There are 2 protein chains.
Amino acid sequence: MSANTTMRRSVVLKRRPHGEPGAADFTIQEDPIPTPGAGQVVTRTIWLSIDPYMRGRLREEQTYAVAIQVGEVMTGETVGEVIGSNHSEFVAGDIVVGARGWQTHSVTDGARLVKVPRDGAPLSAWLGVLGMPGATAYAGITEICKPKAGETMVVSAASGAVGSIAGQLAKRAGARVVGIAGGPEKCLWVQDSLGLDACVDHRSRDLRTELKAECPDGIDAYFENVGGAVQEAVFAQLNPFARVAMCGMVSQYNEAVFPPGPNLGFVVGKRVLIQGFIVSDRPERLTEWRMLAGPLVADGGLIYREDVHDGLENAPNALAGILSGQNFGKLLIKVGPDPL
Amino acid sequence: MSANTTMRRSVVLKRRPHGEPGAADFTIQEDPIPTPGAGQVVTRTIWLSIDPYMRGRLREEQTYAVAIQVGEVMTGETVGEVIGSNHSEFVAGDIVVGARGWQTHSVTDGARLVKVPRDGAPLSAWLGVLGMPGATAYAGITEICKPKAGETMVVSAASGAVGSIAGQLAKRAGARVVGIAGGPEKCLWVQDSLGLDACVDHRSRDLRTELKAECPDGIDAYFENVGGAVQEAVFAQLNPFARVAMCGMVSQYNEAVFPPGPNLGFVVGKRVLIQGFIVSDRPERLTEWRMLAGPLVADGGLIYREDVHDGLENAPNALAGILSGQNFGKLLIKVGPDPL
């Protein structure tokens, strides 16, 4: 942490990364902490969320959101504290979620800021289980996967911010739920702490056989976060009328050229549904999810795990880590002191 | 046609074809024309439908329907005339659709037989525009593609039994509709007779560029009948929120090992829906479609084209032809005299 309390620090894109992103692709810029103009709110960042989708923002070509340009501040969800406001709805000391950017302070018009109660969940939870990752899991499960009692659902990246919630929601729906995660430590946590029925290590020698052993009746729904060999193994075992929620394919985000995918002949014969989705298309889902999940988080009915790195300057390497599965749980950067 | 009127002829699977099926994979068996048992109906076949899905029935592995076993009569929809009945709802002379099999006569319990009016469309139409292919187009368009005015829809195998109806329905919905077909003759018919906005020849040197020229605003919906290079070209040009009705992938039905498919990363970023379907899952759609399409066919509001081969013994080679795109329009075998 910088000791300089009059300056703002921002992580700016220096060059587009090829392959794995790292600290050398970014630069830290300093400028004075902004003061709020008419109608504006200035916040200091407490927590910054690091998510796999950010890699897509670093690509030249535009995907679903505008690419970050060289020289621009990197984007990202934050929880912060209001330190200055000319906005009728916010006063200094308010805790808010919704400001964006890899920076110690941000200035906005307040339109997207949501006040966070101080007496509820830990503030960091608003970027994970109660934030975009949690709402993403909720949308994918309720709108696409629709797991039912008697069915088998598989979730990849099952120990991650999205996958861990998706798996628990599918268990609540009564399905047999099998996670896929990287390494024995994550797999153990997915089974013992999240309560999933099984977890298969995607690094194991024969993923397909191990998955089959845990899904003896085939796979009725799949929550896809990974792609690649994991996708191939799951798709081969989908049942007729299976639903696939395409949330992400993190295994290939660093690739310049994407590898071929599955032959889609099975989609016809098995009447499979493959549906891509992005939770921000329907912001009302986030509000709805926060209302539903708040009590569950408070009483321990939804388990989550955080992987916290300290200091804004570590954000680039943290992003590299999440793309190679080095994180264990929701990845967060602690940018400033947490008042709770 | 056999001159022997006391014997039934049936096309029986002799061996599973490798690659393109042909006459050598089948044998013609003769047995006496059956007489109806209690509650049974005997029909003589007039028209037999040849459809690409039949190739899947010849594979060892089961897809959505049970595979035909060596020694069994090949399956297929027919229009026939009742020649004997112990069923209260059918009398000799009734024209019926719904009996199955590559054979000159069949005996059933009548449960799936539907009486065809003699004063409406030509009898053969009940296997094409008013039959399973028409209902398939209807289901894919109304339930999955959902083309709207201002959108662009692409349909592959656009001169075929399903594609030709799908394209016309999308035009009726107000979309710009671009067909893909094999060769200039088919493309001309798709534009001039079906009234589609354009048709791209999939044999052309640069399918992707030609398709792009006809779809300057990208592709919002795709009715997939072909797979392979056609699928690749279309998928690359899908717009956000595009819908893909996966009806068939005829380009690979003769392949022992299916080639890799598209990388599915775009499905996430563009929130694409890819949905496989088989019309027989919802038989009520066929009834509904016949009710809706009957008047359209009668007044020329729905154009269709038939490709008729004479004689049951030509069914195997006709099946080979439809898999390589040699047919031009709905492929039919005329098995016996048509009373209309």
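Analyst: Two strands are said to pair if DSSP finds at least two bridges between them, and the elements themselves are DSSP runs (H or I, at least four residues, for helices; E, at least two, for strands), numbered from the N terminus. This is a predicted model, in which local features need pLDDT of at least 70 and side-chain atom pairs count only at pLDDT 80 or more, while totals for chains, interfaces and linings use all residues. Residues are numbered from 1 along each chain as its sequence is written, and chains are lettered from A and ligands numbered from 1 in the order in which they are written.

User: What makes β9(A) and strand β10 of chain A a pair?

Analyst: DSSP gives 4 bridges between β9(A) and β10(A) (residues 198-201), in the parallel sense, and since at least two are required, the two strands pair. One of the bridges joins A:Ile180 to A:Val200 in β10(A). The chain passes from β9(A) to β10(A) by way of helix α4 (residues 184-192) of chain A, in a right-handed β-α-β crossover; right-handed here describes a path from the first strand over the helix to the second that runs clockwise when the strands point away from the viewer.

User: Why is strand β9 of chain A described as largely enclosed?

Analyst: A residue is buried if 20 or more other C-beta atoms, placed from the backbone, lie within 10 Å of its own, exposed if 12 or fewer do, and partly exposed in between. In β9(A) (residues 176-181), 6 of the 6 residues are buried, so the strand is largely enclosed by the rest of the structure. Both faces are covered, with A:Arg176, A:Val178 and A:Ile180 buried on one side and A:Val177, A:Gly179 and A:Ala181 buried on the other.

User: Is B:Cys145 buried or exposed, and what decides it?

Analyst: B:Cys145 has 31 C-beta neighbours inside 10 Å, against a cut-off of 20 or more, and therefore counts as buried. B:Cys145 belongs to helix α2 (residues 132-145) of chain B. Beyond four places in sequence, the residues in contact with B:Cys145 include B:Met153, B:Ala170, B:Ala221 and B:Phe223, where contact requires C-beta atoms, placed from the backbone, that lie within 7 Å.

User: Why is A:Lys146 called partly exposed, and why does A:Pro283 fall in another class?

Analyst: A:Lys146 has 18 other C-beta atoms within 10 Å, which lies between the limits of 12 and 20, so this residue is partly exposed. A:Pro283 has 11, and 12 or fewer is the limit for exposed, so A:Pro283 is exposed. A:Lys146 sits in the loop between α2 (132-145) and β8 (152-156) of chain A, whereas A:Pro283 sits in the loop between β13 and α8 (284-298) of chain A. The C-alpha atoms of A:Pro283 and A:Met132 are 9.5 Å apart, although 151 residues separate the two in sequence.

User: Why is the phi of A:Lys146 worth a remark?

Analyst: Most residues other than glycine have a negative phi. A:Lys146 is not a glycine, yet its phi is positive, at about 45 degrees, and B:Lys146 likewise has a positive phi near 45 degrees.

User: How do you know which residues make up the contact between chain B and chain A?

Analyst: By the 7 Å criterion, 31 residues of chain B are in contact with 31 residues of chain A. The elements giving two or more residues to the chain B side are β12, α7 (265-269) and β13 (273-276). That side has 17 nonpolar, 11 polar and 3 charged residues, where Ala, Val, Leu, Ile, Met, Phe, Trp, Tyr, Cys and Pro count as nonpolar, Asp, Glu, Lys and Arg as charged, and the others, Gly among them, as polar. A:Leu273 stands opposite B:Gln275 in β13(B).

Note on methods
Two residues are in contact if their C-beta atoms, placed from the backbone, lie within 7 Å.
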